[in-house]
Every structure is written in C-alpha cells, then in structure tokens.
Amino acid sequence: MKFFIDTADLDEIREAASWGCLAGVTTNPSLYARTGGRLADFEDHMVRIAGICEGLPVSAESTATTTQEMIAEGTRLAALAPNVVVKLPVCDAALAATHALAAQGVEVNMTLVFSAPQALLAARAGARYISPFIGRIDDIGYDGIACLEEIVRAVHNYDYGHEVEIIAASVRSPHHVTQAALMGADIATVPFGALKNCVRHPLTVEGLAKFEADWEKVRNA
Ligand code: E4P
C-alpha cells in the first residue's frame, strides 16, 4: 500500500517527504482553510505543494458546483503543474465532469465516497483515484473499514480501460492504516499526526530507553 499525506501544510509535506515513504498528497477545502490561506493564494499554494512533491500526484479540490464549472476549474487546476490531480466530490455533475476531464487526459480523484455503487460509477466515469472516507463512517456509528473492503472488492472486480486506485481516506489511526492495507486498499492518505503515530510504538520507546541506559553503563565501565 502506498502512503499519501492528507494535508495542505507545507512543513508537514516537506517533513513527510524527507522520510522517503511518500507517494502523493491529498488536500481539500477544509485542509487549505486550516493553513490560514486566502482564496487568491490557493492556486499558488497548490503549485508550491506540487513543487515539493515533484512527480507525485497532488490532489487539488474543485469547489465548483456545475459540470461546466468543474470542467473549467479542473482544466485550470490540472494546468498548474504536471502532477496536479483534480479532486471532485461524487455527484451527477462531477461524474459528467470526470468523464470530460478524463477524455482530456486530466486525472480525477473522486472524493466523499461512502458506498460501492458510488465508487463503481466513479470508476466507469473515468476517475483515476477513488477516495472512500473511513473515519467519517465510523464517526456516525457504522463500519468504515467494512465499507472500504466492499469498495476495493467491487471496483477491482472489473477492468475500466484505465488504471483505478482506491485511496483509503479520512484515516484517523494506525489501526485504520493496518486495516486498509489488509483490505487491499491501493493507497492510504493519512494526516501528519496519524502518520507520526504510525511510526511510534510504546515498546519501541521503552526499548530505546533501555538500550541508552545500558550503553551508558558500558561507557562508564
Ligand atoms: C481525503 O482526501 C480527504 O481529504 C480526507 O481524508 C478527509 O478526512 P477527514 O474526515 O479527516 O476530514
């Protein structure tokens, strides 16, 4: 499973990229708002992210609401850098926009996906990436991982004539990461905090402290 980072924060992206484990970035309007960025700076900010992650897919989300506006905004976003992927929320208008953008060679990440039928339609429309949201399903008392498993199995049952990868999104914990990998998700997009929690383990911390203490004894012997 590949790791994307789910953030629009440049420092977080730089640090995660330095680990050598990063395969892409996903952003959304809420994540951009969290950076304190202004509307006028949005496209420049996406260019900066695309530059930090040269060659890796960077999802920039359209906030347009009609098919024509989504195609226009998607075409503009895709032209910002060769690695920009256009993120569209699954709905009738976005399926039509995905179909048109894919025909132009623009890669689309279909987001806010919560069911297998939504995912199957997204794949048929031409989406390159499909993002089921695990955590938000858990939040309302259902099983996000079970939904992800259905989507992975249903979508990967068929050939669409183009590559389709499932991104486990709305990931909140190392447990989500493990489960997404076991379910066969192609990618997990993980917030920086959860990514750091994936690195940490209490037994690693405890083991390191013991090695340091024992090495101190060796030094002083
Ligand atoms: C996916 O690409 C989204 O940006 C993201 O995973 C949303 O997750 P959230 O539920 O933490 O907002």
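A: Start with Arg136. One of its polar side-chain atoms lies 2.7 Å from an oxygen atom of the ligand. Lys87 also reaches the ligand: a side-chain N or O atom is 2.6 Å from a ligand oxygen. For Asn28, the distance from a side-chain N or O atom to a ligand oxygen is 2.8 Å. A polar contact here is a pair of N or O atoms within 3.5 Å; within protein, one atom must be able to donate a hydrogen and the other to accept it, and sequence neighbours count only if both atoms are side-chain atoms. The protein buries 88% of the 340 Å² that the ligand exposes when taken alone. These areas follow the Shrake-Rupley method with a 1.4 Å probe; for residues, only the protein chains shown count as cover.

A word on the source. This is a predicted model, in which local features need pLDDT of at least 70 and side-chain atom pairs need 80 or more, while totals for chains, interfaces and linings use all residues. Numbering starts from 1 along each chain as its sequence is written, and side-chain values use heavy atoms, without hydrogens or water.

Asp6, Thr26, Asn28, Leu31, Lys87, Phe133, Arg136, Ala169, Ser170 and Arg172 surround the ligand. Each has a heavy atom within 4 Å of it. By class, the shell holds 4 charged, 3 polar and 3 nonpolar residues. Asp, Glu, Lys and Arg count as charged; Ala, Val, Leu, Ile, Met, Phe, Trp, Tyr, Cys and Pro as nonpolar; the others, Gly among them, as polar. The charged members of the shell include Lys87 and Arg136. Leu31 and Phe133 are among the nonpolar ones. Asn28 is one of the polar ones.

Ser170 is part of the ligand shell. Its phi is positive, about 55°, although it is not a glycine. Ser170 sits in the loop between strand S7 (165-168) and H9. Helices (H or I, at least four residues) and strands (E, at least two) are DSSP runs, numbered from the N terminus. Ser170 counts as buried because its relative accessibility is 10%. Buried means under 20% relative accessible area, exposed over 50%, and partly exposed in between (1.4 Å probe, protein chains only).

Ser170 also ties into the shell. Its side chain reaches the backbone nitrogen of Arg136 at 3.1 Å. The side chains of Ser170 and Arg172 are joined by a polar contact of 3.1 Å. Arg136 and Arg172 both surround the ligand as well.

The loop that holds Ser170 ends at H9. That helix spans residues 174-182 and includes His175. With a relative accessible area of 51%, His175 is exposed.

The angle is about 60°, and Leu112 is not a glycine. Leu112 belongs to strand S5 (residues 108-113). At 32% relative accessible area, Leu112 is partly exposed. Pro132 is 20 residues away in sequence, yet the two C-alpha atoms are 6.4 Å apart.

Ala93 and Thr66 form a further pair. Their C-alpha atoms are 5.7 Å apart, across 27 residues of chain. Ala93 lies in helix H5 (residues 92-103). Ala93 is buried, at 17% relative accessible area.

Glu150 and Arg219 are 56 Å apart, C-alpha to C-alpha, and 69 residues apart in sequence. Glu150 is found in helix H8 (residues 144-155). Its relative accessible area is 51%, so Glu150 is exposed.

Finally, the whole protein. The protein has 11 helices and 8 strands. Its C-alpha atoms fill a box of roughly 75 × 40 × 30 Å along the principal axes. Of its 221 residues, 46% are buried.
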